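Visitor: I would like to see the structure and hear what the labels put on it rest on. Please show it before we start.

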Amino acid sequence: MASPERLPPPALPAVAGGSADFTEAWLANRRLSANSRAAYRRDVHQYLQWCARRDLDPLHASFLHVNAYARDLEATVDARTGKVLAPASVARKLSALSSWYAFLVRLEALPANPVGGADRPRVDRDVSATVGLAAAEVDAMLAAAERLGGPTGARDRAILVLLADLGLRVGEVVALDVEDLGAERGHQTVRFTGKGGKPRRRALTPGVVRALHDYLPLRGDAPGPLFATATGGRVDRHAVFRLVRRLARAAGVPEWERLSPHSLRHAFATAARDEGVPLEDVQDAMGHADPRTTRRYDRDRHNLDRDPAYTLAAARARRSRG
């Protein structure tokens, strides 16, 4: 029996400069949200620029080159914060690079992944660099949002309530279209694409419903972005960052200049656990694949008031009285 004819390998895109750039093929092969795709693209492009400045073909890089790149990243000052990149940021960039190289290995474009032997920064997975918010601080920010006026006040208030009440990622909020709003089994709902490209849906709280009820008549009936600018474009994540900090400052939050929309996501997890919501329900609401991620978001997880010993002792006391 004749052996089947082997198909030629797929044509691989070439980049200007003569080396190989498989970034778009790599991104197309992964299930990613638009924001994750853009971040990974930036991370790999930054590395390719680093290689180009050194006349280094990335397909001939060794783990020594990746180590040198990592040390340069650790000395890089973030223009937004004025501080060197955090270890978690460096680790994320190297993780993207490792995935890129792993894709090239599978395509047999190179024999091994040079990131595999590199010295990556140690990141404490039990600690997050995101500045958190107490429940009272979130309440104060929502009160500040209620005082917003002008043509964009209702829109900005709806954005903040969505972030606070549902704990959505900023990328999920700005990507919403008006058609994503709906109803299901008596619940007002929103559908969106979560991390990893997974379709998700959440129930809307009464606060979100009220905020949208105030905003939607002002927005008009046109299809497209749920949160639109005056020119009809989509409100971007940078505008939401500025909104969160502006409202935090108005609410008297001490570290307002260090907050981000993600701070509200952390606050959502902490408040939910404080109110006794089971970990698995918080995990599902936030779209986390690993419960350890949810626990890291819970800023109050080490609070001794939650020590289960108290619960067991109270149960024992009830039994002894019975």
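Guide: A definition comes first: two strands pair if DSSP finds at least two bridges between them. The model is predicted, and the secondary structure of its chain comes to 13 helices and three strands.

Visitor: How do you know that strand 2 and strand 3 pair?

Guide: Strand 2, residues 187–193, and strand 3 are joined by five bridges in the antiparallel sense. The cut-off is at least two bridges, so the two strands count as paired. In this pairing, Val190 stands opposite Arg202 of strand 3. The hairpin of strand 2 and strand 3 has five residues between the strands, and Gly196 takes a positive phi near 80° there.

Visitor: What makes strand 1 and strand 2 a pair?

Guide: Four bridges link strand 1 and strand 2, again antiparallel. Gly182 stands opposite Thr189 in strand 2. Two residues lie between the strands of this hairpin.

Visitor: Why are strand 1 and strand 3 called edge strands?

Guide: The three strands form an open sheet in the order 1-2-3, with antiparallel pairing. Strand 1 (181–184) and strand 3 (199–203) each pair on one side only, which is what makes them the edge strands. Direction ignored, neighbouring strands of this sheet are turned by 40° against each other on average.

Visitor: Why is Arg185 called exposed?

Guide: Its relative accessible area is 81%. Exposed means over 50%, so Arg185 is exposed.

Visitor: What is the phi of Glu108, and where is this residue placed?

Guide: Glu108 has a positive phi of about 60° although it is not a glycine. The residue belongs to the loop between helix 4 (87–106) and helix 5. Its relative accessibility is 72%, over the 50% limit, so Glu108 also counts as exposed.

Visitor: Why are helix 6 and helix 9 called roughly perpendicular?

Guide: The axes of helix 6 (residues 153–166) and helix 9 (residues 237–250) cross at roughly 85° and come within 11 Å. Angles of 65 to 115 degrees count as roughly perpendicular, and therefore this pair does.

Visitor: What makes the contact of helix 6 with helix 9, by residue and by class?

Guide: From helix 6 come Asp156, Ile159, Leu160 and Leu163, and they meet Val240, Leu243, Val244, Arg246 and Leu247 of helix 9. By class this contact has seven nonpolar, no polar and two charged residues.

Visitor: How do helix 6 and helix 10 pack?

Guide: Their angle is about 35°, and the axes are 7 Å apart. Leu160, Leu163, Ala164, Asp165 and Leu166 of helix 6 make the contact with Pro261, Leu264 and Phe268 of helix 10. The residues divide into seven nonpolar, no polar and one charged.

Visitor: What makes a set of residues a nonpolar core?

Guide: The members are buried residues of nonpolar types, joined through side-chain atoms within 4.5 Å. The largest such core has 39 residues, of which Leu162 and Phe227 touch the most other members. Helix 6 gives the largest share, nine residues. Other elements that give two or more residues include helix 5 (135–146), helix 7 (170–174), strand 2, helix 8 (206–219) and helix 10 (261–274).

Visitor: Which residues does Phe227 touch?

Guide: Leaving aside residues up to four places away in sequence, Phe227 touches Arg155, Ala158, Ile159, Leu162, Val173, Leu212, Tyr215, Gly233, Arg234 and Val235. A second, separate core has 26 residues, among them Phe22, Tyr47, Ala70 and Tyr101.

Visitor: How much of the chain counts as buried?

Guide: Buried residues make up 37% of the 322 residues; the cut-off for that label is under 20% relative accessible area. As for contacts with a separation of 6 or more, 57% are between residues 24 or more positions apart.

Terms used
Residues numbered from 1 in each chain as written. Predicted model: local features only at pLDDT ≥ 70, side-chain atom pairs only at ≥ 80, totals over all residues. Heavy atoms only, no water. Axes fitted to C-alpha atoms, helices over the stretch in contact; angles between N-to-C directions. Parallel < 35°, antiparallel > 145°, perpendicular 65-115°, else oblique. Contact = heavy atoms within 4.5 Å. Nonpolar A, V, L, I, M, F, W, Y, C, P; charged D, E, K, R; others polar. Buried < 20%, exposed > 50% of the residue type's maximum accessible area, 1.4 Å probe, protein only.
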